[in-house]
Amino acid sequence: MFFGLELLGLQIYWWGILSLLGGLLVFMFFVQGGQGMLFELAKNEEEKALIINSLGRKWELGFTTLVLFGGASFAAFPLFYSTSFGGAYWVWLIILFCFIIQAVSYEYRKKEGNFLGSKTYEFFLLINGILGVFLIGVALSTFFSGANFSLDSSNFVTWQNPAKGLEALLNPWNFLLGFALVFLSRILACGYFLNNIDDETLKPRFQKKILPNSLAFLVFFLTFLFWIFTKEGFAILPNGDISLQKYLYLQNFLDFPFLIGILLVGAVFILFGMLMTYKGCKKGIFALGIGSVLAVFAILLSIGIGKSAFYPSLVELQNSLTIQNASSSYYTLSVMGYVSLLVPFVLAYIIYVWNLMDKVKITKEELREDSHQY
């Protein structure tokens, strides 16, 4: 099956897998969005416990998706993995730290003998909910703005800025995707809470947060799309060289009309999910989730299958990474292709576990009777 494909076909296939995982990761950011709004939504300790325990049932799914994204990057595009994670290590270390303190917080917030106190761990959740998502958005934005690396003849990376990735924060255009993901995560969280928490006191607060966060998300996301569609892109010339080209990322979508279709369908689902959630519908999270996955999938897929480098070098254009020069060998991609066939089973398991955990909605009464709390 996979051994019958050409190398380029395998490279496109694996970039599609990475793009899908990226979309799923963004959907799982509803956990981070809920953490970021914890102190805005909860007015007392009981409501705070209700929100944290609702998120505590799902936080591991997002963490697992992040690990899968990193693992798939390492297996399919090792040069990208070593260049980004090995070169821009300060930004990735901070992101990793944000997710470590999230895991620690859910584990120890209610432990006996917690010398840091619950408030400290709740603040850690807030950091993960805002800073972690924002920095991932900034890191992904460098797929379009470029990064300060160069490669030698042995493909050893040299980062040309002492900030080691944090210099991306000096480019305000990178903030657009960062803020867009933060506000989208808050919208997803409201949809999730309406579906998962059965509490008439909290319900109107969830609905109230939809409008301002939706407006902020649309402003940042549409501005991000305008930026990438009008900026110079890092084009792959027929001879394999990299050159700057105006409107490249818009051209990628025009060259593959199905990408426009996926992006538009995703946008419609997101808008419909916003409306459903604003009206108090418990199923809004599913429309929001589908829309988020499709929109992110289309954007990431476009820079892999289009005539563009997916990880451009600002130091030396010809060192920019493409799916052709950054991928694993034909044999590795083929063997790992069979492993990727397990992905639908993993997704089915996630859906099964999700439905099993949500069969009974979380309430204050249930929480009082639960001996294990986050």
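**View 1. Lining of the second largest pocket in the predicted model.** The second largest pocket is lined by 14 residues. Nearest its centre are Leu 66, Gly 70, Phe 85, Trp 92 and Leu 96. By class, the lining of the second largest pocket holds 12 nonpolar and 2 polar residues, with no charged ones. The space in this pocket comes to about 290 Å³.

**View 2. The largest pocket and the elements around it.** The volume of the largest pocket is about 810 Å³. Its lining has 30 residues, and those closest to the centre are Leu 24, Val 343, Val 346, Leu 347 and Ile 350. Two or more lining residues come from each of α1 (7-28), α5 (59-76), α13 (284-305), α14 (330-340) and α15 (343-357). The largest contribution is that of α15, which gives 9 residues. Sorted by class, the lining of the largest pocket has 24 nonpolar and 6 polar residues, and no charged residue is found there.

**View 3. Packing of helix α8 against helix α9.** Helix α8 covers residues 118-145 and helix α9 covers residues 173-196. The two helices pack at an angle of about 135 degrees, and their axes are 7 Å apart. Because of this angle, α8 counts as oblique to α9. The crossing of α8 past α9 is right-handed. On the α8 side, the contact is made by Ile 130, Val 133, Phe 134, Gly 137, Val 138, Leu 140, Ser 141, Thr 142 and Ser 145. On the α9 side, the contact residues are Trp 173, Asn 174, Phe 175, Leu 177, Gly 178, Phe 179, Leu 181 and Val 182. The contact of α8 with α9 comprises 11 nonpolar and 6 polar residues, and no charged ones.

**View 4. Packing of helix α11 against α13.** Helix α11 is formed by residues 248-255. It packs with α13 at an angle of about 100 degrees, with the axes 9 Å apart. The angle falls within 65 to 115 degrees, so α11 and α13 are roughly perpendicular to each other. From α11, Tyr 249, Asn 252 and Phe 253 make the contact. Their partners on α13 are Ala 298, Ile 299, Ser 302 and Ile 303. This contact of α11 with α13 has 5 nonpolar and 2 polar residues, and again no charged residue. The helix α13 shown here also gives two or more residues to the lining of the largest pocket.

Note on methods
Residues are numbered from 1 along each chain as its sequence is written. This is a predicted model: local features need pLDDT of at least 70, side-chain atom pairs count only at pLDDT 80 or more; totals for chains, interfaces and linings use all residues. Side-chain values use heavy atoms; hydrogens and water are left out. Axes are lines fitted to C-alpha atoms, for helices over the stretch in contact, and angles run from 0 to 180 degrees between N-to-C directions. Helices (H or I, at least four residues) and strands (E, at least two) are DSSP runs, numbered from the N terminus. Angles under 35 degrees count as roughly parallel, over 145 as roughly antiparallel, 65 to 115 as roughly perpendicular and the rest as oblique. A crossing is left-handed if the near helix is turned anticlockwise from the far one by less than a right angle, and right-handed if clockwise. Contact means heavy atoms within 4.5 Å. Ala, Val, Leu, Ile, Met, Phe, Trp, Tyr, Cys and Pro count as nonpolar, Asp, Glu, Lys and Arg as charged, and the others, Gly among them, as polar. On a 1 Å grid over the protein atoms alone, a cavity is a set of points where a 1.4 Å probe fits but cannot get out, and a pocket is an open set with protein on both sides within 12 Å along at least five of seven lines; lining residues have an atom within 4 Å of a point. Grid points are joined across faces, edges and corners, and a volume is the space filled by probe spheres set on the points.
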